[in-house]
Amino acid sequence: MIRHGFDGGEELLKPVHLSQPVEGFPKTVLVTFQRKVVEALQKRLPVEAVSTISACVEVPIYRFSYQGQTLGLYLTTIGGPATVGILEEVWVKGAEKVLLFGTCGGLDAALPAGHLIVPTAAYRDEGTSFHYLPPSDYVEVPTAERLAAIFDELALPYVRSRTWTTDAIYRETPGKVAERRAEGCGAVEMECASVMAAGQFRGKPVYQFLYTADSLAGSRWERGLLGAHPESDYERYLSIALETAIRL
């Protein structure tokens, strides 16, 4: 099977072929999946576009100062392949630590919409991770404990949970939901396994937290807050990301 064909050899096309180091590039970079988070940052703090990635779509990377630290932020796309492809170039530009945050589908009925989740391991129901790590059902999240400790310091309500990373947002069947839930997955999303595998392969720490939007925990899909988060939610998640980033 293709997913069992991991090859740890050196790649032919390297990220450095398409991206170059940028002087003054932020060492810690926030990655969001929602444009309204970027807008919330632009309203809150002075930002400047320090670089751009444009292999597929134009992705401006913003630099700003928060609590005396220089940070970066950019809006990525959904899905493991694109997210990791952009991330590879961001590492070349100079990023050392990245913190991703975005919505997920809830698989646990006890988790209301908007609840924070710190992923501890991600089920590899996607393809990207198998290019970075040998085959296994799950990829561990080595940064989970550090992120959880920061959330404890900030007195944030959250849960630790496994997550299910899938490539097919419209093929989340009841049978698959039941299997993943039985293994301890409280969420489903599209990037965690991919970015954690890439980070481990490149030796770069990747942090990620999720917040529930829709729900697949019942007998039918529930929209919840998917596409309907109030503006205050985006400001809150941005604040959480900012306070976390300066503690990494």
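**Exercise 1.** How many residues line the largest pocket, and which of them lie nearest its centre?

*Solution.* The model is predicted.
Step 1. The lining of the largest pocket consists of 30 residues.
Step 2. Nearest the centre of this pocket lie G105, I169, E172, D214 and L226.
Step 3. The volume of the largest pocket is about 810 Å³.

**Exercise 2.** Determine how the lining residues of the largest pocket divide into nonpolar, polar and charged, and which element gives the most to this lining.

*Solution.* 
Step 1. The lining holds 14 nonpolar residues, ten polar and six charged.
Step 2. At least two lining residues come from each of β5 (97-106), α5 (174-182), β9 (185-189) and β10 (206-215).
Step 3. With four residues, β5 gives the most to the lining of the largest pocket.

**Exercise 3.** Is β10 mostly covered or mostly uncovered, and which strand is joined to β10 by eight bridges?

*Solution.* 
Step 1. A residue counts as buried if its relative accessible area is under 20%. In β10, nine of the ten residues are buried, and the strand is therefore mostly covered.
Step 2. β5 and β10 run parallel and are joined by eight bridges. Within this pairing, C104 stands opposite T212 of β10.
Step 3. Strand β6 (residues 116-125) runs antiparallel to β10, and two bridges join them. Here L116 has Y211 in β10 as its bridge partner.

Technical notes
Residues numbered from 1 in each chain as written. Predicted model: local features only at pLDDT ≥ 70, side-chain atom pairs only at ≥ 80, totals over all residues. Heavy atoms only, no water. 1 Å grid on protein atoms, 1.4 Å probe; cavity = no way out; pocket = protein on both sides within 12 Å on 5 of 7 lines; lining within 4 Å. Points joined across faces, edges and corners; volume = space filled by probe spheres on them. Nonpolar A, V, L, I, M, F, W, Y, C, P; charged D, E, K, R; others polar. Buried < 20%, exposed > 50% of the residue type's maximum accessible area, 1.4 Å probe, protein only. Pairing = 2+ DSSP bridges.
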